[in-house]
Structures are given as C-alpha cells and as structure tokens.
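Here is a short briefing to read with the structure open beside you. Take a moment to look around the model, then follow the points below.

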Amino acid sequence: MNRYSIFTLARNALSHHEHWQRAWRSPEPQRRYDVVIVGGGGHGLATAYYLAKEHGVRSIAVLERGLIGLGNSGRNTTIVRSNYLWDESAHLYEHSLKLWEGLSRRLNFNVMFSQRGVLNLAHNLHDLRELRRRVNANRLNAIDSDILTTQEVQRMVPALNCAADARYPVLGASLQRRGGTARHDAVVWGFARAADALGVDIIQNCEVTAIRQRDRRVTGVETTRGSIAADKLGVVVAGHASVLAQMAEIRLPIESHPLQALVSEPIKPVLDTVVMSNAVHVYVSQSDKGELVIGAGIDAYNSYSQRGSFPVVEASVSALVELFPSFRRLKMLRQWAGIVDVCPDASPIISKTPVRGLYFNCGWGTGGFKATPGSGHVFAHTIARDEPHALNAAFALERFTTGALVDEHGAAAVAH
Amino acid sequence: MLRIACPWCGPRAEIEFSYGGEAHIALPEAADALDDAAWAQYLFMRTNPKGRHLERWVHTHGCRRWFNVVRDTASERIAAVYQPGAEPPEDAR
Ligand SMILES: Cc1cc2nc3c(=O)[nH]c(=O)nc-3n(C[C@H](O)[C@H](O)[C@H](O)COP(=O)(O)OP(=O)(O)OC[C@H]3O[C@@H](n4cnc5c(N)ncnc54)[C@H](O)[C@@H]3O)c2cc1C
Ligand SMILES: [Zn+2]
C-alpha cells in the first residue's frame, strides 16, 4: 500500500491525479477462507481489519452484495458520541470513541473526525431530569458530559430559538464535547484500504444466498459468485440481519425499519456543533460543504424498501423550523432512507449463535455509525477467540432469554 | 406514503393509522408454565421477512378498530386486508 502524505499528494498533482494506486484490489473469490465476513459496511470492514491486524488471521474475505458502503454506512448522519446511560453501553461506545480519536492516523486515511460537540436539548422538566441523570451516569464512567443552561446553549448556538415563549422552549441541554461527526464514506474506504493492505479480499457484487452448515456447525456460504467454504462466518448486514438469520434457521428479536434523513442546499457556516432533540424527533448538524444534515425518527412499519413515508420527514422539518426559525426558507436538496435493524432494548447484538462458527453483529438500529471501529474491534475478538470480548459480553443473544436487557431507549432516542 | 384500506372505512392515508407489528402472535396457553426460551420467543423474536408480511394496524384517527394487513416489505404493495382473528385470505398467501 502506498502511504498517503503531503508528498504523494504533491507528486500526484503533477500528473493530474491520474496515477494514484487503487485503494483496494478487486480479487476473484477463492474457494475457501478461514473467516468470511458477510456485509461490506463500516462494521464488516472494521471487523476484517482488526481480525488481520490484531488476531493474525491471514485468510479473510468480506462479501458485499453491492458496493461497499452503500448500506447504512453511506446513508447515515454521521453523529459520533458515547454518552449512553448504562455501564455496559457506556463502556462499549466509549471504547469506540477512543478508537475514533487517532483513527485517521492509524488508517492513514482522513476520516474527517470532527469533535465539534453534541448537544441534547431539554424542552421540559422531565427532559432535564433525564439528561441530568444521564450526565451523572456518564461522569461516573469517566465520560465527558455537562449540563448547559439556556443561556449557555444560546451562546453556543445563536441560531437556536431559546426564547421563553418558543413552541419548544429550551430549558437546558447536555453536552458531550468529545462527540461530533465524521465522514461516513471515508470511514468505509479507510478500513477497506487498510484491510486490503493486510491481505483481506474485499469481494463486491457478491450476495450471500445461503449459509451451509453440518451438525449445527458452519461450513460456508452460497453466493451469487459461487460457493465459498469458511471455518467461521461473521454476519454484519444491518437491516438484513433477519434475512441472513433465517438462512441459518435462527430467529432474532429484530425488526427492520426505514430511517430517513435529508440535506439542505449549502449555506454559509451557521452551526458548528450537533443539535439533537429527542422530544421533538429531529437533529441537525452542518457538513463541511455547508449543507444542513437533518435526521428524523424511524418509520413505524417494517420495511426493506429504503424509502420511508413523507409524514415522518414533514414532522421533523416542522420541528426543525420551530427550533431554528431562520432555516424556514431553506430548500432541501436530497432525501433518502436506510434500513435499520431495531432491537427491543435499543442495544446491539454482538454474539455467538446456536450454530458453531457463526457469529452475528446486528441490532445497531439508528445509532451504529458511532460504534464502527469499536464494534469491529470487539467482533473480531469474538470471532477469533470464539468468546466475547469483555466489552461485548453483555450484548449476547442470550440476554433476551435471561431478561438482562440493556435498555438504552433514552440515550438512543430519536437516534444516533 | 402508504394508502391503507380500513375494512370498515375504506382507503385512507397512512397518517390516520398506527402500526401494531407482526400479526398472529398469540399469548401461549398456560403462559405461566413456559420456560425462559419459549417466553423469549413469544416476547421478542420476530419473523421480520423481506417480502410478504402479516401485520396489524389500527385506525387510530378513524374507527379506532384493529385489523390485519398483508404487505410486501420490499415493494410496499398491500396484497390484502382482513379481519383480526381471521386467517389471511388464500390468494394473498
Ligand atoms: C438515515 C440514517 C441516519 C443515521 N444516523 C446515524 C448517526 O448519526 N450516528 C450513528 O451512530 N448511526 C447512525 N445511523 C445508523 C448507522 O448508519 C448504522 O448503524 C451503521 O452504519 C451500520 O453499519 P453496518 O456496517 O453494520 O451496516 P451497513 O453499512 O448497512 O452494511 C451492511 C452491508 O451488508 C450488505 N448485505 C446485506 N445483505 C447481504 C447479503 N445477503 N450478502 C452480502 N452482503 C449483504 C449490504 O449491502 C450492506 O452494504 C443512521 C442510519 C440511517 C439509515
Ligand atoms: Zn376505520
């Protein structure tokens, strides 16, 4: 792998950037691998990277139905934070946040991680109490977290309507300063390039159509590009988790829903942090291009159609213009949906399964982008050692039988 | 936006309805005798198919009655609407 640096940038500028090495190969699938990862999103590619990098696995393939990063990894609103309520989640997301810090350097790829802070607004006393409780829990877990007063919020976000007679009065907010945003595509491409450099075969346009097993032990997969044998199979397919689980005759507690987002026309810098409001189901940040990136809650019904219904967008946008009256005249440029894998307790499943050699990583729902490096890191450990990392032990499939759920509806809320 | 035909009121916009999730999940008989695994199946595990889905809707802002729908989760096409407690119509199976 040619390293990216200011010198290679200058050298390639001289040849009009026409001779850059390809960021990853496009190999033909081999007949057999030690580990096959299904799903070429950020989580799958990160898993492959850490398997190769930290566990010395030499024969790994990532199979992707379409092109890498075109699933939720390329459709999300890129908010990164770790201020979750319960110890189990706080530790997992904080592990991920620590990996984000320094990821660009480690991958030699600029993932544009920007710790611009994440605000969660309180619009009533109950919101404020909930946020206080969460901030206190975060601090006990050594996660930076503060409560801001209305005046402090107004100073930080001048465009926000903090008037006492606002439709949604701002009584305060929680702030995680180390939170922020990252460039979604770059994370996918960075992990892909780094994994490829360690010998991982990234195979695109290769859909898994069946999981082969003998005596409840995985032996491989059938794909649209032929059968591939594997000792171990890690499935990280987000909204398609139930489809893959069905191939292995496993039932999951997951439902797939559309989650929509939209961006405005680009405008001059107006918002240098992330503002979220659980109560009114909207959140917003501004991209480096100047577009406002706006997110909503999920569509209520199960779906795989990557569309979503208009009323959800309408509700979000009407809440947004109450919060930011000056956004009223903006035109929206694009709207889209991804299919998110929603778990009953709003926490992920990173787990072994009843089939030996088969591992699932799913249920991240509306908020897994922030977990991309951490999820890949602990999932690689789970696959390589055939036992969970200490950080994902609580996120096993068994919790739905034992009842030890990790209820993060408050922290996951609208999402993200 | 979906257009859903309430069996009692006829076709209406999705916003009049609330979604009730997968249909035909009945509380098992002798629920107190279930083991944890069977209870988890009832409470949490869902079919979540890509394709034909049997699901419940309630006409919240209309007649407020529950009913079942056969909808394709990949195309969003609604194949049939039927009464709660009934089996899905033959031609929509
Ligand atoms: C609109 C929206 C906004 C969001 N905002 C945020 C946010 O602000 N912050 C945050 O933390 N999270 C957010 N999320 C959630 C986040 O995007 C996801 O949790 C995360 O990206 C999941 O990553 P992944 O790699 O598991 O999934 P994906 O990127 O979806 O990758 C899964 C891959 O599996 C492939 N696949 C599926 N079936 C098969 C098959 N049979 N064979 C081979 N490949 C298959 C798919 O093509 C896909 O590329 C948002 C999601 C959406 C949709
Ligand atoms: Zn009705």
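In this predicted model, a nitrogen atom of ligand 1 sits 3.0 Å from a polar backbone atom of A:Arg65.

**Around ligand 1**
- A nitrogen atom of ligand 1 is also 2.9 Å from a backbone N or O atom of A:Val208.
- For A:Phe369, a polar backbone atom lies 2.9 Å from an oxygen atom of ligand 1.
- Ligand 1 is surrounded by 39 residues, and the closest are A:Glu64, A:Asn72, A:Ser73, A:Thr77 and A:Lys370.

**Two helices of chain A**
- Helix H2 (residues 42–54) of chain A and helix H7 (residues 184–197) of chain A have axes that come within 9 Å and cross at roughly 30°.
- Angles under 35 degrees count as roughly parallel, so H2(A) and H7(A) are roughly parallel to each other.
- The crossing of H2(A) and H7(A) is left-handed.
- On the H2(A) side, the contact is made by A:Gly42, A:Leu45, A:Ala46, A:Tyr49 and A:Tyr50; H7(A) contributes A:Val188, A:Phe191, A:Ala192, A:Ala194 and A:Ala195.

**Chain B at a glance**
- Chain B contains one helix and six strands.
- Read from the N terminus, the elements of chain B are ordered β-β-β-α-β-β-β.
- Along the principal axes, the C-alpha atoms of chain B fill a box of roughly 45 × 30 × 25 Å.

Terms used:
Residues are numbered from 1 along each chain as its sequence is written. Chains are lettered from A and ligands numbered from 1 in the order in which they are written. This is a predicted model: local features need pLDDT of at least 70, side-chain atom pairs count only at pLDDT 80 or more; totals for chains, interfaces and linings use all residues. Side-chain values use heavy atoms; hydrogens and water are left out. Axes are lines fitted to C-alpha atoms, for helices over the stretch in contact, and angles run from 0 to 180 degrees between N-to-C directions. Helices (H or I, at least four residues) and strands (E, at least two) are DSSP runs, numbered from the N terminus. Angles under 35 degrees count as roughly parallel, over 145 as roughly antiparallel, 65 to 115 as roughly perpendicular and the rest as oblique. A crossing is left-handed if the near helix is turned anticlockwise from the far one by less than a right angle, and right-handed if clockwise. Contact means heavy atoms within 4.5 Å. A residue is near a molecule or strand if one of its heavy atoms lies within 4 Å of it. A polar contact is a pair of N or O atoms within 3.5 Å; within protein, one must be able to donate a hydrogen and the other to accept it, and residues adjacent in sequence count only if both atoms are side-chain atoms.
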